[in-house]
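Good morning. I will take a few minutes on one structure, starting with a pocket and then moving to the ligand.

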Amino acid sequence: MAIKQFNLPDIGDFDSVDVIEVLVSEGDTVDVDDTLITLESDKAAMEIPSPFKGKVTRVTVSVGDKVGEGDPICEIDAEEEGGEAEEEKAAQTQPEEKPEEKAPAEPEKPAEAPAKAAERPAPAPAATGEKPVNAQAAGAQYHASPSVRAFARKLGADLSRVQGSGPKGRITREDVEGHIKSVMQGAAGGPAAAGAGIPPIPEVDFAQFGDTEEQDLPRIKKISGKHLHACWLNIPHVTQFDDADITELDAFRKSMKPRAEKEGVKLTPLVFVMKAAVAALKAFPQFNASLSADGEKLIVKKYFHIGIAVDTPNGLMVPVVRDVDQKGIFELSAELMELSQKARDGKLSPNDMKGASFSISSLGGIGGTQFTPIVNAPEVAILGLSKAEMKPVWNGSEFEPRLVMPFSVSYDHRVVDGAEGVRFTTQLAEYLTDIRQLLL
Ligand code: CAO
């Protein structure tokens, strides 16, 4: 045995590159060709193999260091048995370089012995500020090339959860892609949902309890179901309930009926609610917004395109009425009638359903006292309308019959605080109670 200093060999065109993994520590035993460290430049990642067999006595680099040719990496108390041949190999040992984007075929390398892999220390986060994603601790018992590790880091894939299909269980780029795909399907409600951390509902043979019949879900339900599931899982929902006194609004609506008939439209409370909602959105712009993909910014929209949930024989569809702030009641009624008819006839174009900044789900024509609508991501809030009914309301000296419409607003709690939520519903109720305020 003799202590051998291992310095970084020629690594090609790079003067100085980042150390992204240190896979050995003092006391580890290594074989010839075992990876000691992983380096990463802006173009490639490379594993630096050991030229010696022996025991690591000192490690002189850390994650985040920059190293170049000739820099000391570690000292190894090397076994003499290779003699000169070993020395020669040391001189010849070149790093294994793989350009990240091209993902070339992986050269076969011996799989790590689990016991040895478990001895390895976990690397600290890279100095680049990158998170130590993927639990890519060296202690994890998987084997992957630097290019595959870099690919997994880029996609945020946890390699410790990827099944390797390469020689001796080595993880390939395709394995990572397959893993990402199954996680995504899980998030969208597919069979891999359990992989996303959600316990699956066990399959039940209902025939044991009585007769059954299997029916295909309509195509639209299948599509909207996946979207609703993703919204439900991704958004921390809060639903705020309130009542609006729409006695005056409805008296006005009824007085406008003859004129509406002349215009060829059917005037329902919904169009008034759309105008009131826009006024409330102007007062509380965070409700007319989307969260940026990284969750760090709010993208506030200066347009007011309202998605309206429409009940169709095939399932729920949400066409969008654009620029509600710029349109009058009759124009909105005409558009609503046209879009809901198109939805029921299955004739909506993808464009008819794009670009909403806020949505309304009106069940008021059907019934119900309250419900909790699901936020239609990437929007951050949705208004649900229930059936207005005459109720006795205390006016300070007596009960008065008033037309009261229950409504609810579900919102993304990452964007809207509870206090803001109730301020919004209070303001909306005020606008609906006295629609003259919409003129101000
Ligand atoms: N309270 C009391 N009555 C109401 C009301 C309310 N909140 N909203 C509507 N009405 C009345 C209307 O005035 C109309 O009565 P008249 O014919 O006497 O005037 C009747 O109910 C039917 O209205 P409507 O439903 O045809 O029209 P609308 O403008 O209110 O709604 C539309 C249009 C397309 C939104 C609606 O037809 C629809 O599809 N609603 C279901 C939406 C849905 O499924 N949401 C759930 C999504 S989550 O699964």
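The lining of the second largest pocket is made up of 14 nonpolar, two polar and six charged residues. Please keep in mind that this is a predicted model. Two or more lining residues come from each of α6 (247–255), α8, α9 and α10 (418–433). Of the elements, α8 gives the largest share, with five residues.

Now the ligand. There are 23 residues around it, and T268, D311, R344, S361 and A388 come nearest. By class, this shell has 10 nonpolar, seven polar and six charged residues.

Another is K266, where an N or O atom of the side chain is 3.5 Å from an oxygen atom of the ligand. At S386 the polar atom belongs to the backbone, and it lies 3.0 Å from a nitrogen atom of the ligand.

Taken alone, the ligand exposes 970 Å², and the protein buries 71% of that area. The elements giving two or more residues to the shell are α8 (269–283), β15 (306–312), α9 (329–344) and β18 (358–362). Which element gives the largest share of that shell? That is β15, with four residues.

That is the end of my part.

How values were computed
Residues numbered from 1 in each chain as written. Predicted model: local features only at pLDDT ≥ 70, side-chain atom pairs only at ≥ 80, totals over all residues. Heavy atoms only, no water. Near = heavy atom within 4 Å. Polar contact = N/O pair within 3.5 Å; in protein donor to acceptor, adjacent residues only side chain to side chain. Areas by Shrake-Rupley, 256 points an atom, 1.4 Å probe, with all protein chains shown as cover. Nonpolar A, V, L, I, M, F, W, Y, C, P; charged D, E, K, R; others polar.
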